[in-house]
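Dear colleague,

I am handing over the structure that we spoke about, and my notes on it follow below. Please read them with the model open beside you.

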Amino acid sequence: MKLTVHTPPEVPLEAEILSPTSLAGLSEAEVSALIVHHGNRKEALGEFFSVNGKMNGRLELEGDLSFVKLIGQGMADGEMFIEGNVSGHLGCGMSGGRIVLNGDAQDWVGEDMTGGSITINGNAGHMVGSGVRGAEQGMLGGEIFVRGNCKNEAGGAMRRGLVAIGGNSGDFTGLNMVAGTVIVLGEMGIRTGSNMKRGSVISMNPARMIPSFSYSCTYQPIFLRFYLNYLRDVGFEIDDAWLNGSYQRWCGDAISLNKGEVLLYQS
Amino acid sequence: MDSSVAAEPNIRVVKNATCTFCGCVCDDMELTVDLDQKRITKAKNACVLGKAWFAEHSVDESRPVAMIEGKEVSLDEAIDEAAKILVNARFPVIYGMSNSTSEAQRETVKMADLLSANVDSTSSVCHGPTGMGLQGVGEPTTTLGEVKNRADMIVYWGCNPSDCHPRLSTHYAVNPKGMYIPNGRKDRTVINVDVRSTTTTNIADVFVQVKPGSDFELLWGLRILVRGGKLNPAFEEQTGVPIDVIENLASRLMSCNYGILFFGMGLTMTRGRHYNASALHMLATDLNEHTHFVVKPARGHGNVTGADTVMSWQTGYPFGINFNRGYPRHEPGEFTTTDIMCRGEADAACIIASDPMANFAKPAIDHMKKIPMISFDPKPTPTSQAARVAFTTACYGINTPGTVYRMDDIPIPLRPAFESPFPSDLDILKPLVKRIRELKRAQY
């Protein structure tokens, strides 16, 4: 099924029903009649989108989606392809299926997700794969791939899963991490891994570590080859030198469990 | 307790009046008011800021009570127009409230609920990160009375109360004698942590100068020491503070009887924001393993604490609240006004007792110029001048009674000095809410 924006919303549109899971088994007319929240009004989806085709597990979205929030919320299966920039909370709480976005996403991509994968062929905002504020754990599984840059707190409080950033990440990458893996191919901001318990944050560039991290050794982690080859398979540009390279291993955060690691590519 | 005594025919003396300039909300003012000129001629007990606040407040009776598109109209016409703007909006944003009474704040939250609007206070560009920080780690809190009577260790971190809250030191925290602090200043240690020396440094026993933007690292270092760890040389490199100074600071903090950490924008509005505030709260929690330690943000506007408090007990959240779906949701960054305006999402705004057109980011101001705005302000401001509907209001504390919250969440009653010809925020909000309700009923 393909949904194309014919009238862009004037104010934020909360459309959590936009996922293959929610639309499964519905006809064009039924999808058009579904209720979305346009600011403080309830309106029919058909007021903004023209709906074409049959729903067979694949949903395509196209047009000016820059005010559309919560796309793919709670998605459990199927595939969704999105052309254009989207607003916040893309794929939040999703448990399965696949989202591919050709454009930029705002904050909270994959917030609290437990499974599935999100690929963003553009930039993402703050809190990629993060938990809601104040929560002890965020992302519990699944994969988030961002080809471009992301902002602060990527992988905040994540418990399992993979977040891969092709460009640069902002400050506090891997903040409060409980476990899981964050890979940043570009540069990271400051205060990486603050308060992390366990988990791995990996970057291909030098980074200023907070002093509560201690340098452990420089080594060639075998496991990283598998990750990097996997990222190459999903379309990231991986330098051959990274596959067999040496990485500095920093342990932290001493203020917390001190069982986390930050690996920084050296040569 | 009648506090007004006629001293001379046209002079009124108001005892125990409350100053609403800053978050200290000192309630021991003695105001001498010239009723003919409608001016406060003397403000006994006020600090330099309070004196200016009272002395420079005059009422310009020639100003219209309400304007639409800059033209004078009656109050009823303006209320009707404001109600229509708000009811027709799909994403109305209500912002401000920090210089208003808690009674008006309560009515504002009611209005936001009724309109399914977004409601936010000036906290979001001030101590909002403090609210976000403490949500994750908890808040070891106190009142200023407790500080006066018990605190033997005062830390001013990233704030300059000698200039911004002059009576915080002289009236509450540093100089006064208290129940367990019989010798006042002599029994207390004052520590100032900042990126440069300020007038507060002059009253401090210890000054720790930290490199700009590295407060978080210093707080992290202190936490390690308080938890029994050791520091590596990188702490000195990154914070610019020698290791022995950090160690000395940690041992002083651990060995006091009752310590308080006051902090300001130096933490909440520098890189790291809510995580700086959160690190400070975590430090206080760690220190409670050794002694009693509490944290208090040094709040700026007179009733910004009230805005947080009122919104918290009405909606469950302190700021950045959205009612679009009929129930309150809180998300800083998503529902905070400056972010909403920068993304161009709002289609109407109601600004109560604040001036975002003068201090928001440029993209936010550009968007606010495009949408219909309603402003409540005692004086002409860039916001009131850009507003489609502008109300002239009476000044809270000076002209109108009500309640304000001190920075330690203590409600304090106001004792106004003289009457204003203009209505208070609450006097306008009540009929506005009534009119909104009528229009909403007519819609369904």
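Predicted model: local features only at pLDDT ≥ 70, side-chain atom pairs only at ≥ 80, totals over all residues.

To begin with a check on geometry: what should the 12 residues of α13(B) span at 1.5 Å a residue, and how far apart are its end C-alpha atoms? The expected span, taken as 1.5 Å times one less than the number of residues, is 16 Å for α13(B), and its end C-alpha atoms are 16 Å apart, which agrees.

Residues are numbered from 1 along each chain as its sequence is written, and chains are lettered from A and ligands numbered from 1 in the order in which they are written. Helices (H or I, at least four residues) and strands (E, at least two) are DSSP runs, numbered from the N terminus.

**Helix α13(B) and what follows**

The buried residues of α13(B) include B:V304, B:A307, B:V310 and B:M311, where buried means that 20 or more other C-beta atoms lie within 10 Å of the residue's own, exposed means 12 or fewer, and partly exposed is in between, with C-beta atoms placed from the backbone. These buried residues pack against α3 (102-115), β8 (118-121), α4 (128-137), β14 and β19 (403-405) of chain B. Just after the helix, B:G316 takes a positive phi of about 95 degrees, and this glycine lies in the loop between α13 (304-315) and β14 (321-322) of chain B. B:G316 is exposed, because 12 other C-beta atoms lie within 10 Å, and its C-alpha atom is separated by 8.9 Å from that of B:R329, 13 residues apart along the chain.

β14(B) belongs to an open sheet of nine strands with mixed pairing, in the order β6-β5-β18-β17-β16-β7-β8-β14-β15, whose edge strands are β6 (71-73) and β15 (329-330), each pairing on one side only. Strands count as paired if DSSP finds at least two bridges between them; β8(B) and β14(B) pair in the antiparallel sense over two bridges, with B:V119 opposite B:I321.

Not counting residues up to four places away in sequence, B:W157 touches several residues, among them B:V193, B:F262 and B:L280, a contact being two C-beta atoms, placed from the backbone, within 7 Å.

**Chain A and the interface**

In chain A, A:E143 and A:F145 point one way from strand β11 (residues 143-146) and A:I144 and A:V146 the other way, and all are buried. Four bridges join strand β10 (residues 117-120) to β11(A), and the two run parallel, with A:I118 opposite A:I144. β11(A) also pairs in the parallel sense with strand β12 (residues 162-165) over four bridges, and here A:E143 stands opposite A:L162.

Between the chains, 24 residues of chain A are in contact with 27 residues of chain B. By class, the chain A side has eight nonpolar, 10 polar and six charged residues, where Ala, Val, Leu, Ile, Met, Phe, Trp, Tyr, Cys and Pro count as nonpolar, Asp, Glu, Lys and Arg as charged, and the others, Gly among them, as polar.
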